[in-house]
Amino acid sequence: MADRPAPTSAPRGANLAPKSAEPAFSELAELPASIAEQVGGLLAANHWMALALHLPLRFEDRASITAMDALQVGQKVNIQATVTAQEVQHHPRKQLKVWVEDGDARLLLRWLHFYPGLRDKLSEGTVLHISGQIRQGYGTLEMVHPSVKVVPAHGAPQSNPPGHQQQGVSLTGVLEPVYPSSSGLKQADWHRWMRKLPPACFEDTLTVQQRSRHRLPDWASCLKTLHGQASPEDLYDLNLRTHPAWIRVKVDELLAQQLLLATWRAQRMQEQAHPLKADPSGLIHRFVSQLPFRLTGAQQRAVQEIAHDLQQSHPMQRLLQGDVGSGKTLVAAMACLQAVANGMQAAMLAPTEVLAEQHHHKLTPLFEAVGVRCAKLQGAMKKSEKNRVLQALANGEVDVVVGTHALVQEQVEFKQLALVVVDEQHRFGVAQRLSLLAKATGGKLAHQLMMSATPIPRTLAQTYLSDLAVSSLDEKPPGRKPIVTKLLSQKKREQLIAAIEHEIAIGQQAYWVCPLIEESEALDLQAAEATFEMLQTLMPNRRIGLLHGRQDNKHKQAVMQAFSKGELDLLVSTTVIEVGVDVSNASLMVIDQAERFGLAQLHQLRGRVGRGTVQSVCVLLYGAPLSTTAKMRLKAMHESDDGFYLAERDLEIRGPGELLGKRQSGMPMLKYADPMMDKDLLEKARDLAASMTPGDVLAERHMRRWLEETPWWLS
């Protein structure tokens with residue numbers, strides 16, 4: 001996500017509410033004091049629109065009456081019957097029992113928890129409209145805690161106290177909305193409050209022409225339909241959320257996000273950055289000419305896109321995404337050189353010590369060959385060494401620095417920072433990235449290039465990242481063979497050990513990644529150590545190393561260096577090797593208990609092999625029984641090694657909320673629309689956003705309506 005805080009706005013719907021807010025409702029007195037105070041205070045503070053957008057989970061038909069002599073166990077029905085008797089039973093537990101009859105049919109209603117006034121309401125001879133599920137009781141059919149309404153003489157259920165004056169939505173429909181609820185709030189509370197919505201909540205934020213063009217109903221009719229004015233024939237479409245009223249809600253929600261992204265784009269255009277000429281000194285040309293290979297077409301295209309952005313006077317915000325092994329690091333290196341060629345500095349931020357060390361090790365000789373000074377800055381460095389690097393950065397004696405979270409610390413200063421490259425950008429919070437961008441000089445921001453080896457599905461990018469420019473590396477370097485992926489049961493470990501022995505015997509190396517256990521580093525460590533000892537016992541003549549996150553930096557570097565040089569045959573590791581590790585001689589990857597890993601993580605781990613010209617294999621070692629989700633992940637891995645395809649499958653399996661996460665997306669997740677299911681509606685929203693100018697009255701009102709934080713009692 002683009003790195004900026006969301007614009008500050010008034011409380012949701014504040015511009016729509018009446019000038020003089022209505023005091024807290026008298027009905028709040030029925031709620032616990034703490035809840036009544038919070039709810040009443042929020043409504044009195046004009047959070048009306050938040051209330052209006054608290055839409056039903058489902059709808060229930062309260063009008064279709066089932067004959068009592070046709071009732072069956074398990075049915076959810078509406079019946080109309082007369083109270084014939086009642087009693088409060090105290091043993092074995094206190095409960096209210098009410099018998100109702102219609103003709104010869106009889107039914108027992110039971111309440112295990114009831115307020116004193118309920119007995120008076122259900123006096124003998126009262127006609128009731130009753131809704132609930134039929135259960136088999138002791139010798140009779142019964143309902144437990146049914147919904148009941150008194151039927152007055154004219155035959156319509158009495159849902160409001162006598163003399164109650166309705167406002168807002170009038171529940172004249174026969175489908176009853178069922179709202180998400182918590183903290184002791186009852187459905188009756190929601191129904192009462194929805195009837196009090198002020199007229200401003202029903203004002204439209206789309207013009208007649210916009211609605212007509214996209215065949216959308218007006219906002220007022222949609223809101224009234226969803227809050228209770230619907231007919232029985234609408235039940236199916238309302239509960240499937242395919243009704244025109246729901247369509248309008250989804251389009252409006254998607255439109256709000258598109259408008260917010262447009263606002264962020266406009267804000268970024270107002271910010272200042274150092275414009276960087278493409279290659280003023282020929283530095284990048286010299287760098288490319290000394291490479292032992294040619295850039296792929298995708299790499300050349302990405303380099304041109306990034307170079308164009310860096311020449312602008314506003315900060316670049318570009319995501320460089322590509323499959324594992326597609327050459328993202330080299331493209332990022334050329335972006336860094338564009339900064340250096342303009343007399344500026346660049347910083348590359350990596351999420352782990354192992355990855356930072358790998359980048360520094362690979363880039364330093366390439367940079368030094370063209371006279372570019374490269375340094376590393378990591379938390380595990382000695383204080384004296386760290387101080388030397390800090391001094392060199394501040395004096396401009398380092399052109400490119402590669403580091404971990406240590407780069408975002410306050411004491412880190414640059415002489416002329418112009419570009420920040422963030423690898424695996426989802427591993428860093430927005431505040432961390434912003435703090436590094438702000439280290440640019442002259443009151444300007446640094447350009448930002450984010451890299452991800454987990455491609456973002458197109459639908460998700462359009463929904464959450466459309467303010468961000470995206471470059472995609474969809475080609476792999478020539479000579480790379482597709483990785484063969486095999487599924488193997490834990491019962492066949494002996495065959496697997498034999499396969500590892502064979503790979504080592506022909507001069508290749510292998511990884512064994514240990515299972516991810518409950519996201520606990522301590523348990524992951526135990527699993528890695530146990531596996532290491534087991535493999536040492538089974539393969540006593542092989543050189544086996546162990547790598548995990550709790551080892552000190554020197555030890556980790558020593559293990560990785562030994563594996564890179566071929567001094568180890570097999571590396572047992574936790575997921576610390578998930579990204580960045582590049583050993584071309586490694587041709588076999590074993591992922592133990594693969595069913596515990598997510599699809600993106602499995603693909604990342606598989607990408608540690610297949611970096612040479614030898615055919616590589618990834619073995620997904622699984623244990624039975626497998627969950628449905630685990631089966632889908634492993635099947636997808638077996639079918640394809642295309643990261644872009646797997647990103648789409650991951651979105652289908654996990655959904656956008658889990659895939660992006662609040663920390664990664666930087667903007668509110670959708671509550672009603674689904675980017676996968678509602679692709680056509682997303683196109684409508686994008687078209688509508690293009691027809692609206694960020695900052696105009698309707699656009700601002702629309703964003704405030706949807707994007708303000710929801711009060712806790714509505715969440």
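The legends below describe close-up views of a predicted model. Local features need pLDDT of at least 70 and side-chain atom pairs count only at pLDDT 80 or more, while totals for chains, interfaces and linings use all residues. Residues are numbered from 1 along each chain as its sequence is written, and side-chain values use heavy atoms, with hydrogens and water left out.

**View 1. The largest nonpolar core has 48 residues.** A nonpolar core is a set of buried Ala, Val, Leu, Ile, Met, Phe, Trp, Tyr and Cys residues joined through side-chain atoms within 4.5 Å; buried means under 20% relative accessible area, exposed over 50%, and partly exposed in between, with a 1.4 Å probe and protein chains only. The members that touch the most others are Leu197, Leu226, Trp246, Val249, Leu255 and Trp706. At least two core residues come from each of helices H2 (48-52), H4 (187-194), H6 (219-226), H8 (244-270), H23 (679-690) and H24 (697-707). Helix H8 gives the most, with eleven residues. Helices (H or I, at least four residues) and strands (E, at least two) are DSSP runs numbered from the N terminus. Another core, of 43 residues, lies apart from this one and includes Leu276, Ala298, Met316 and Val421.

**View 2. Surroundings of Leu226.** Beyond neighbours within four places in sequence, Leu226 is in contact (heavy atoms within 4.5 Å) with Leu55, Pro56, Phe59, Pro177, Tyr179, Leu238, Ala245, Trp246 and Val249.

**View 3. Ring pairs link Trp219, Trp246, Tyr672 and Trp706 into a cluster.** The structure holds seven aromatic pairs. Rings of Phe, Tyr and Trp (its six-membered ring) pair if their centres lie within 6.5 Å; planes under 30 degrees apart count as stacked, over 60 as edge-to-face and the rest as tilted. The Trp246 and Tyr672 rings have centres 5.6 Å apart and planes at 50°, so this pair is tilted. Because Trp246 lies in helix H8 and Tyr672 in the loop between helix H22 (656-665) and H23, the pair ties together parts that are 426 residues apart in sequence. Trp246 is buried at a relative accessible area of 0%, and Tyr672 is buried at 9%.

**View 4. The ring pair of Phe287 and Phe367.** With ring centres 6.2 Å apart and planes at 40°, the pair is tilted. Phe287 belongs to helix H9 (residues 283-289) and Phe367 to helix H12 (residues 353-368), 80 residues apart. Phe287 is buried, at 0% relative accessibility, and Phe367 is buried, with a relative accessible area of 0%.

**View 5. Charges over ring faces.** A charge sits over a ring if NZ of Lys or CZ of Arg is within 6 Å of the ring centre and within 35 degrees of the ring normal. Arg241 lies over the face of Trp246 at 4.2 Å from the ring centre, and Lys224 over that of Phe202 at 5.8 Å.

**View 6. Helix H19 (residues 599-606) is mostly covered.** Eight of its eight residues are buried, among them Gln601, His603 and Arg606. The buried residues of H19 pack against strands S17 (484-489), S18 (509-513), S21 (586-592) and S22 (617-622), and against helices H20 (628-639) and H21.

**View 7. Helix H21 (residues 643-654) has twelve residues.** From first C-alpha to last, H21 reaches 16 Å, close to the 16 Å expected at 1.5 Å a residue. The expected span is 1.5 Å times one less than the number of residues. Asp642 caps the N-terminal end of H21, with a side-chain oxygen 2.9 Å from the backbone nitrogen of Phe644. The buried residues of H21 include Arg649, Asp650 and Leu651. Leu651 has a relative accessible area of 2%, and its C-alpha atom is separated by 7.3 Å from that of Pro457, 194 residues apart along the chain.

Technical notes:
A polar contact is a pair of N or O atoms within 3.5 Å; within protein, one must be able to donate a hydrogen and the other to accept it, and residues adjacent in sequence count only if both atoms are side-chain atoms.
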